[in-house]
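Subject: Structure for you to look at

Hi,

Here is the structure I promised, with the sequence alongside. Please open both before you read on. My notes follow below.

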Amino acid sequence: MTEESAQERWRRLYDAAPLRSGEFATMSGIPLAPAYGADDAEYPGVYPYTRGVHASMYRTKLWTMRMFAGFGTATDTNARFREIIRSGGTGLSTAFDMPTLMGLDSDEPMSLGEVGRCGVAIDTLADVRDLFAGIDLANITTSMTINSPAAVMLAMFVAQAEESGVDRALLGGTLQNDILKEYQAQKEFVFPPRQSMRLVRDTITFTAGEMPKWNSISVSGYHIREAGSTAAEELAFTLANGFAYVELAVQGGLSVDEVAPRLSFFFNAHIDFFEEIAKYRAARRIWAKWMKDHYGARDERSWQLRFHTQTAGVSLTAQQPEINIARTAIEALAGVLGGTQSLHTNSMDEALALPSEKAARIALRTQQIIAHETNVTNVADPLGGSWFVESLTDEMEREAEALFAHISKMGEGSMLEGCVRGIEENWFQGRIADSAYELERSFNSGDRIVVGVNAFLEGNDDNELATLQITNEDERKQLARLDQVRHDRDDEQVKHALDRLRREAQDPDVNLMPALIDAAKTYATVGEMMSTLADVFGRYVEVPSL
Amino acid sequence: MSLRVLVAKVGLDGHDRGIKVVARLLRDAGMEVVYTGLFQTPESVASAAIQEDVNVVGLSMLSGAHMTLAPLVVEALRSRGSDIPVVLGGIVPPRDIEELRALGVAAVFGPGSGADEIVATITGIVSLPS
């Protein structure tokens, strides 16, 4: 028996896949194949998945239109969530405010002015309950964009679900939980790297055992790129972090095939159209090869890199903000042609403020135009086979491999150790800052044009957009709410739960999730749980460098 | 003598791309730049500015807390008897600029501000008689 070719295997998988209803033809009636390629080409749904993880791609299911939202109090954000669902959004993604991301309560002095500003303020289980009130969590998946306190937020989510009678095993969603890129790029950290990784390990092993529908980490290049990296650095650092989490889980006693299928990825869609598409294609190929050959994964799902995309916030301009709609549309199209599983499109006003409801709706409509009007969903990997795109994909892979070699060397053969040491030695941070500086110089010299910023300035003086205003009223409301919860709860129970958490944190072999869930149920605050852990783990201070 | 600038991140906002890029651009323009790192308080910024004897303090804020925190930095300096001017860059809606100026912020640089504009403005502010 001869071995099945990629083309034959793709065809077999495609024939077995359920399809959306409707005709797969051009607007003028020309019938379209589900994918195109030479007999000996790579095909979608077949290792190494350069052309997509599914044989039928968007013919079976469109990407999830997952809009990231959060501001003010949990009640405010709940209203925006409902608006997104009414407008046809198919997934939710929660943005938390700075105090929550840093593990601080709203009434901490450092939280002043930040409560509910750039995300929703969450202090206790009571807020989590308000956040998801009236939303059917069984039929809409939820992503929670939080990292340092990710284990605490997961505990609150589980506690809230169980209080409302939903078994934790039924919960579907994603925790960002990618602490490595926080030290490298986004800079929202609390504990030192190695102690943080213990919490990540605890969430991976806990969800592997008890929450089969949960994605434990969304390994995120988005923030690395937003912080200024090149596309190749975004690709390489993100996948290296992914390898590090796999090694961490294996150290924690899981097999590669128990952890890899539950990692998802999150990439930026910047404005250089073909480079972005090549980046996504290279990402899938690299992940598949490394999982299979380097880490010995046998389950095909371990080889398949699934990813979320967000258009590039940094590409948007405060000048002539309406033109950001065009930038976002082009970036979103790159994500779709690159085979993304879900997509957030930025709003035109994001260089000015948090999105207004109207701006957010236009951003969602942009996705709907791509999905339902352009017909790009009929053919998987439509740019595959282009000499240009294939060559750029190979180049991305080469650049990433060169960076992996360096990271692996820093870790003496371990990607986990290489990523941690690269952070401790400021290597990632320095590379990203260098790339950001080079790019900025090209804008300042005029070598690179940004419409409305260094060219085509007519219209810059037009009336400004109506933007969302977060008032101090939200901060006052949240403080009153927190006061009330502290007043109503049983402090003895809280103390008991926090004492147990402190005790268990001292033993690195104990999984902290059960203690965190029990603490959440006593209405212990995010800040109380995080500072209890900080008593044991210490706090991380980045050495300032320019 | 070259100008000395303290660039600072106040509060919980970890976005440090802008501050690092601007710091390097100011150095390219011949200024001496001091950076005290993330998560500073208004008080720690004021003390560092006075101790380092800088000509100007540059804040970078992208989380929306500028209306609360930028005036507190100005206040912290003035209460210590210092007249060091404070400038601000980041995501600042145009409607906030006038009020920030009234609260003592000497200049505001929104997204897309070029290196030449920032350098010229800072140089102009510092050369004003106080």
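First, a term: two strands count as paired if DSSP finds at least two bridges between them. Keep in mind that this is a predicted model.

Chain B, the sheet

Strand β1 (residues 4–8) and strand β3 (residues 56–61) of chain B meet that rule, pairing in the parallel sense over four bridges. One place to look is B:Val5, whose bridge partner in β3(B) is B:Val56. Both strands belong to an open sheet of five, in the order β2-β1-β3-β4-β5 (chain B), with parallel pairing. β2(B) and β5(B) (105–109) stand at the edges. Each has a single partner strand, so one side of each is left without a neighbour in the sheet. Neighbouring strands here are turned by 25° against each other on average, direction ignored.

Helix α5(B) packs on this sheet. It touches β1, β3, β4 (86–90) and β5 of chain B. Its direction makes about 175° with that of β5(B). α5(B) covers residues 115–127 and contains B:Ala120. Is B:Ala120 buried or exposed? It is exposed, because 12 other C-beta atoms lie within 10 Å, and the cut-off for exposed is 12 or fewer. The C-alpha atoms of B:Ala120 and B:Ala29 are separated by 9.8 Å, although the two residues are 91 apart along the chain.

Chain A, the sheet

Chain A has an open sheet of nine strands, again with parallel pairing. The order is β5-β4-β3-β2-β1-β9-β8-β7-β6 (chain A). Which strands stand at the edges? They are β5(A) (214–215) and β6(A) (217–220). Each has a single partner strand, so one side of each has no neighbour in the sheet.

β6(A) pairs with strand β7(A) (residues 263–269) in the parallel sense, over four bridges. There, A:Leu263 in β7(A) is the bridge partner of A:Ile217. Helix α11(A) (residues 273–294) lies across β7(A) and β8(A) (307–311). It runs at about 165° to β7(A).

Chain A, one helix

Helix α15(A) (residues 387–410) has 24 residues. From first C-alpha to last it reaches 35 Å, close to the 34 Å expected at 1.5 Å a residue. Its buried residues are A:Val389, A:Leu392, A:Thr393, A:Met396, A:Glu397, A:Ala400, A:Phe404 and A:Ile407. Note that A:Thr393 and A:Glu397 are on that list. The cover over these residues includes α9(A) (231–251), α11(A) and α16(A) (415–424). After α15(A) comes A:Glu412, whose phi is positive, near 50°.

The core

The largest nonpolar core has 202 residues. Those with the most contacts inside it are A:Ala155, A:Leu516, B:Val57, B:Val73 and B:Val86. Which helix gives the most to this core? α9(A) does, with 13 residues.

B:Val73 is worth a click. Leaving out residues up to four places away in sequence, it touches B:Val10, B:Pro42, B:Val45, B:Ala46, B:Val57, B:Leu59 and B:Val86.

Where the chains meet

How many residues does each chain bring to the contact? Chain A brings 33 residues and chain B brings 28 residues. On the chain B side, α1 (17–28), β2 (32–35) and α3 (66–79) each supply at least two residues. α1(B) gives the most to that side, with five residues. The residues of that side divide into 13 nonpolar, ten polar and five charged.

Best wishes

Methods
Residues are numbered from 1 along each chain as its sequence is written. Chains are lettered from A and ligands numbered from 1 in the order in which they are written. This is a predicted model: local features need pLDDT of at least 70, side-chain atom pairs count only at pLDDT 80 or more; totals for chains, interfaces and linings use all residues. Two residues are in contact if their C-beta atoms, placed from the backbone, lie within 7 Å. Ala, Val, Leu, Ile, Met, Phe, Trp, Tyr, Cys and Pro count as nonpolar, Asp, Glu, Lys and Arg as charged, and the others, Gly among them, as polar. Axes are lines fitted to C-alpha atoms, for helices over the stretch in contact, and angles run from 0 to 180 degrees between N-to-C directions. The expected span of a helix is 1.5 Å times one less than its number of residues. A residue is buried if 20 or more other C-beta atoms lie within 10 Å of its own, exposed if 12 or fewer, and partly exposed in between; C-beta atoms are placed from the backbone. A nonpolar core is a set of buried Ala, Val, Leu, Ile, Met, Phe, Trp, Tyr and Cys residues joined through C-beta atoms within 7 Å.
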